[in-house]
Amino acid sequence: MTAHLGTIAFVSLTALTILPAIMVVSTRNLVHAGFWMLPCLIGVAGFYALLEAHFFVVVQILIYIGAILVLIMFALMLTRDVMDPKERQTNAMGVWAGVICGLGLLASAHMLFRHPWVGVTSHPGDAHAQTVALGKALVTRYALPFEAASVLLLAALIAAIVIAKSMRPPAASVGCDGEVSGG
Amino acid sequence: MIGLPHYLVVGSILFGIGAFGTLTRRNAIAVLLSVELMLNAANLNFLAFWRFLTPAAMEPHVFVLIGLTVAAAEAAIGLAIVLNVYREYGTVNLDQIAELRG
Amino acid sequence: MGGLHGQSGLWLIVLAPLAGACVAGALAIARKGERLAPLITLAGAAAAGLSALMNRPSRSAGYLGDTDLTWLTIGNGFRISLGVHLDHLAWVLVGVVIAVSFLVQLYSIGYMRGENGFARYFAYLSLFTASMLGLVVADNLVQLYACWELVGICSYLLIGFWWHKPSAAAASKKAFVVTRFGDVGFLLGVILLATAAGSFDLDRVRSMFQSLGTVSQQVSPLVSNEALLWLAPILLLCGAVGKSAQFPLHIWLPDAMEGPTPVSALIHAATMVAAGVYMVARLMWMFAGGGDAESATVQTVASSGLTPLAVVLLVGSITAFIGATIALVQTDIKKVLAYSTISQLGFMMMALGAGGEAGQSTAIFHLVTHAFFKALLFLTAGSVIHALHHAADPNDMRLMGGLWRRMPITAATCGIGVLALAGFPPFAGFWSKDAIIGLLLHRSGAQLLGVSGQVTPGHGPEPWAAAIGATVAVVVTLLTALYAVRLWLMVFAGAARSHDADSARESSVWMTLPLVILAVPSVLVGGWLHHGNLLHGYLTAHMAHELEMHLPVAAVATVLGLAGAAAAWSLYGRRPVAAGSGSVPSDPITRMPAPIYALLVNLWYVDRFWTWVGRSFAMAVATLIAWFDRNVVDGAVRGSGRVVAAIGSAMARSTNGQPQTYAAMVLAATVALILLMALYETAAAPAAGATAVRLAEWAVRR
């Protein structure tokens, strides 16, 4: 029964993740694409829950959905032409990219199922224990990677500000503009 | 019974969709969205491996955390660049921006 | 193997001039201190000379050798060494080469003053000296061949020293290509001998060759023993024919006079052209059919037509005759000397063709005397040309005349050279030429003029060939006196026939000093070597009775020489050539019967013959090769070029500046790898696949 529940949960989560993901890469309206990202990320969070990685369920929802996705939505709405469903939204490589990705998928799925994975049956600790262990690990053994990640994030944020602030002289911008739209 | 391969396959499908989007989307922000899909696929794989192979290990969690950080940083930088490009060229369509051409 | 006592000082004979060449070459490249170059190369030559003087193989001893150096080892024990083999013969040649080279370099200081490429010139001269000495002391066939080609290269470089002159460039090419004809034969001979003997060492080759008559099984993998006995010397002779300007490959030597005159004296009169003669003398045991040089035994080849010695003799005879006759009608002073050189080299070959130690020694005797008097003649010609170098054609004897009043030293020394060349007693040429005639008469079995010839069957060349040789030698003696005296009279006697000749001045002391120095041996060296029995005694194990001088023979030769000189006097001296009404005065020698004159002035049509060969045969081959080159070789090259260009343009289209395209390519490559691994599944495949996927992830994110 539990096994069945688990299977049902897995299948429905798969549907919840994969179908919106397909919509994300295929829909013409980019704002819709951004919104389709939401169920997809929630589905991944569901997988995390199924995998008993409770801490990351929270992180996924808070950071991915609450921060990153919102940021991207802002950017989408700030740029022009994004709402026009008549605009072509894919480039000329569609077929080739499909072939490449499809072949890659087939090949990796083939290998994944042929490999004799030696699984363990034991369950990880509960949410509280996991979070405590992760917190301790991050300030003891993995302090260095953690700090590196922090520095990376800080640098990225400063860089984002600098890049977003820097403005070319208007004349140059106009010239470039005309050139590109002409082509 | 759902096992490791199933999760891995979901991860690869998600990755494949993300890769497809990354390659085909004209809009730079949509490309960023696709990249986020691929990063999610990677994180999913990490946690699946953790759950089924090494449930006591801490490393997968640290990896996922760093992956998240990278995703956030990438989103921030990417969006800054996209905004700048938009100001500069008036478009974020990548096939109209071919500055890398030698 | 190994000499009496190995002395590393021996190497200095070759290495000192080589070092001089390197330093002078460096100066030439750096274009700094070019004036120092002659000092350095002269020091190198002097060091080599000192080393040779200190290492003289004594009369009774064998040779001095030094073969410590292994050059190459091929397979199991097939060894090519670099060695010095300084026997009596080599020592004499070393002395001549160094002496002439030293004097010519001294002379060149004055002659080449202010020339562009002064240091380069001396570097070439010194390199030539080193190569020639390496050739002379070589103890194996590879070293011999390598130095043989090196002197050829130096000759090429020096003939074409004034490369901006089209005629000089053409002459250098001609010399190189024509000698190559002979060198092909030489190389084939070397290969033939080496494959038979299993070694390049001359000692081993010799013992192999001497065993040919006695062993029953075939020695060479290529030819039978009998064929080897005949073929090997003939192939080597081809090389000598090219290098020593023998008929029919003599045609390069007159053209080689385009080089600076001192070069003509050093290379194209005294030393390099003697290389072929020296090589035949050195390998006399081979030409004599494997017997000792002393006994000149012909073992088995007598039945199969001409002996190699007879071939040598006949080639020499033809060359001597043709050279002397053409020299009669030449008007270019250097061309006269060039054809004279060809003729004299023919004499040396004739002496060699007589075979045995006597032939060897006589040929070297003539080589030594000729080296001195011909170098002298060339240097006097250079002095004259230098004095007239403002004239339109400074080499044309018809525009000279009366120079003895303005250039007394040159005239006197040239006169000595002419008398030596014509073979008047007691000048150097008299003794050696006389020895050759006497030896040939002896080999022909003749019983006249005090010669009691005797022929031992199986020894030496066929008697009839020796008889032809002796006759030719006597006739050429007459002709030599005629053209030699003609040269002197045309240049120095009578009145000046051009403005330039009228205003000529004697050359500087740098140039006249070597003339005087060379004039002394040109007078004395023959009699000195003959009377003291120095050369024959040094070179031969015992004084052969063939080498005794026969007064009647000498008298006849001298009378013939006097007749030639008298003929020249009647043509040119009694009534000097008038300054003609036209631009170029006419030459009385043209009054000979027209067909003969046409034959001579057209150089016996040998040049025409080779031109015809070149046009018809070589051009056909060349056209074929050119077609092959254009269509097959170039086709392949162009085809591969087109393939690369097609790939390139395909790649260029993909390089469109869009990061997505690049990412697609990276991903495609990764997928291809994964597919490959899926097909060739190994235990590591999934892990590697996952790594590849992650790599792709990383790449795409970039």
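Chain B contains 3 helices and 0 strands, both taken as DSSP runs numbered from the N terminus (helices H or I, at least four residues; strands E, at least two). Along the sequence, the pattern of chain B is α-α-α. The structure is a predicted model, in which local features need pLDDT of at least 70, side-chain atom pairs count only at pLDDT 80 or more, and totals for chains, interfaces and linings use all residues. Residues are numbered from 1 along each chain as its sequence is written, while chains are lettered from A and ligands numbered from 1 in the order in which they are written.

Chain B has 102 residues, of which 61% count as buried (20 or more other C-beta atoms within 10 Å of the residue's own, with C-beta atoms placed from the backbone; 12 or fewer is exposed, in between is partly exposed). Contacts require C-beta atoms within 7 Å, again placed from the backbone. Of the contacts in chain B with a separation of 6 or more, 52% join residues 24 or more positions apart.

Chain A meets chain B through 76 residues, and chain B contributes 66. On the chain A side, α1(A) supplies the largest share, 11 residues. That side divides into 53 nonpolar, 20 polar and 3 charged residues. Here Ala, Val, Leu, Ile, Met, Phe, Trp, Tyr, Cys and Pro are nonpolar, Asp, Glu, Lys and Arg charged, and the others, Gly among them, polar.

The largest nonpolar core holds 229 residues, and C:Val94, C:Val277, C:Val280 and C:Ala375 touch the most other members. A nonpolar core is a set of buried Ala, Val, Leu, Ile, Met, Phe, Trp, Tyr and Cys residues joined through C-beta atoms within 7 Å. A second, separate core of 79 residues includes A:Cys40, A:Leu105, B:Leu33 and B:Val35.

Technical notes:
Two residues are in contact if their C-beta atoms, placed from the backbone, lie within 7 Å.
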